[in-house]
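Work through the exercises below with the sequence and the model open. Try each task before reading its solution.

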Amino acid sequence: MTHLSPTLLNSSIAKPFCGGNPPKPEGPNLPLRTIVFPLRCNATTNVAVSERKSAHYQPNLWNYDFLQSLKHDYADIRYEERARKLQEEVRRMIKDENTDVMVKLELIDDVKRLGIGYHFDKEIDEALHRCLSSERFSTTITRRSLHETALSFRLLRECGYDVTADIFESFKEHGNFKENLSNDVRGMLSLYEASFLGYEGEEILDEARAFSRFHLRGALDDGRSSSTVLEEVNHALELPLHHRIQRLEARWYIESYAKRKDANQVLLQAAKLDFNIVQSTLQNDLQEMSRWVCLGNEQQYFN
């Protein structure tokens, strides 16, 4: 079983005068007159100079010895071969045309959030294109649950498809989102994440964000869902998915996904192995760079 490595888990400008004395300004010769201004002090002000407080920064751990001590055990051919086999299994899952549309979208979402989506850009785009081209998908997207509609909207917008935000109109009543939607915490979470994929002027998504944020905070305070879902809610309210750094998000989501009872073990193992291989590669690059920096400092010292 593959474990995650704990380590390492942005008017005109005057030309300067060069040499000699500056040129004298041209003009008529005028007599020089000295004007003396009397020096007068009306008041004395005592300015207290406060001593700068220390921030108590900890010593930098990223010194040469520490960088050279990093272990990159996953930079081995046998791990890369295992990763390729797992990736082929995931690729077959994405390309399977017999899978239900919503199951496929859930799979794509997990693949992307686990940090391995970059291996399957072509397959994901083709799968989403097939979903969007499907007549059944187009006619039923507004009749699905809030979670399914919001997830479809977010994934399609993330990949550049111009899906209209009007698909959320079916969840409104008398100009506002239906209050009973607040009981669907998973749907509220999906709506909240989808609301950050809006274009300027899409007021319905601004309303969706305010509505879902309010009820998600209430669900978090009342504990109105499973611990796994509430953990995702808290994570999203801290910072939405659309604003997070993908690699750091993958580190968090791998641990969160592993707690799910319905977790796909092929996906999980592929994500863990990929994360550790990439980390080992970056650690090796960092060690090589630190050696060059150290060598450059030594040459500068002896020169």
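## Exercise 1: helix α3 and its partners

The crossing of α3 and α4 is left-handed (the near helix is turned anticlockwise from the far one by less than a right angle; clockwise would be right-handed). This is a predicted model, in which local features need pLDDT of at least 70 and side-chain atom pairs count only at pLDDT 80 or more, while totals for chains, interfaces and linings use all residues. Residues are numbered from 1 along each chain as its sequence is written, and side-chain values use heavy atoms, with hydrogens and water left out.

**Task.** Classify the packing of α3 and α4 by angle, then list the residues that meet.

*Solution.* 
- Step 1. Take the angle: α3 and helix α4 (residues 121-133) pack at about 150°, and their axes are 11 Å apart. Axes are lines fitted to C-alpha atoms, for helices over the stretch in contact, and angles run from 0 to 180 degrees between N-to-C directions.
- Step 2. Apply the classes: under 35 degrees is roughly parallel, over 145 roughly antiparallel, 65 to 115 roughly perpendicular, and the rest oblique. So α3 and α4 are roughly antiparallel.
- Step 3. List the contact (heavy atoms within 4.5 Å). From α3 come Val-101, Lys-104, Leu-105, Ile-108, Val-111 and Lys-112; they meet Ile-124, Ala-127, Leu-128, Arg-130 and Cys-131 of α4.
- Step 4. Sort by class: 8 residues are nonpolar, none is polar and 3 are charged. Here Ala, Val, Leu, Ile, Met, Phe, Trp, Tyr, Cys and Pro count as nonpolar, Asp, Glu, Lys and Arg as charged, and the others, Gly among them, as polar.

*Solution.* 
- Step 1. The crossing of α3 and α6 is left-handed.
- Step 2. On the α3 side, the contact uses Met-102, Leu-105, Glu-106, Asp-109 and Lys-112; on the α6 side, His-147, Glu-148, Leu-151, Ser-152, Arg-154, Leu-155 and Glu-158.
- Step 3. The classes for α3 with α6 are 4 nonpolar, 2 polar and 6 charged.

## Exercise 2: helix α10

**Task.** Check the length of α10, then find its buried residues.

*Solution.* 
- Step 1. Helix α10 (residues 246-258) has 13 residues, so at 1.5 Å a residue it should span 18 Å. The expected span is 1.5 Å times one less than the number of residues.
- Step 2. The end C-alpha atoms of α10 are 18 Å apart, which agrees.
- Step 3. The buried residues of α10 are Glu-249, Ala-250, Arg-251, Tyr-253, Ile-254, Ser-256 and Tyr-257.
- Step 4. Ile-254 has a relative accessible area of 0%. Ile-254 and Leu-114 are 140 residues apart in sequence, yet 5.8 Å apart in space, C-alpha to C-alpha.

## Exercise 3: two more residues

**Task.** Is His-174 buried or exposed? Is Arg-91 buried or exposed?

*Solution.* 
- Step 1. His-174 lies in the loop between β1 (172-173) and β2 (176-177). Helices (H or I, at least four residues) and strands (E, at least two) are DSSP runs, numbered from the N terminus.
- Step 2. His-174 is exposed, at a relative accessible area of 78%. Its phi is near 55°, a positive value in a residue other than glycine.
- Step 3. Arg-91 belongs to helix α2 (residues 77-95). Arg-91 is buried, at 16% relative accessible area.
- Step 4. Not counting residues up to four places away in sequence, Arg-91 touches His-119, Phe-120 and Glu-123.

How values were computed
Buried < 20%, exposed > 50% of the residue type's maximum accessible area, 1.4 Å probe, protein only.
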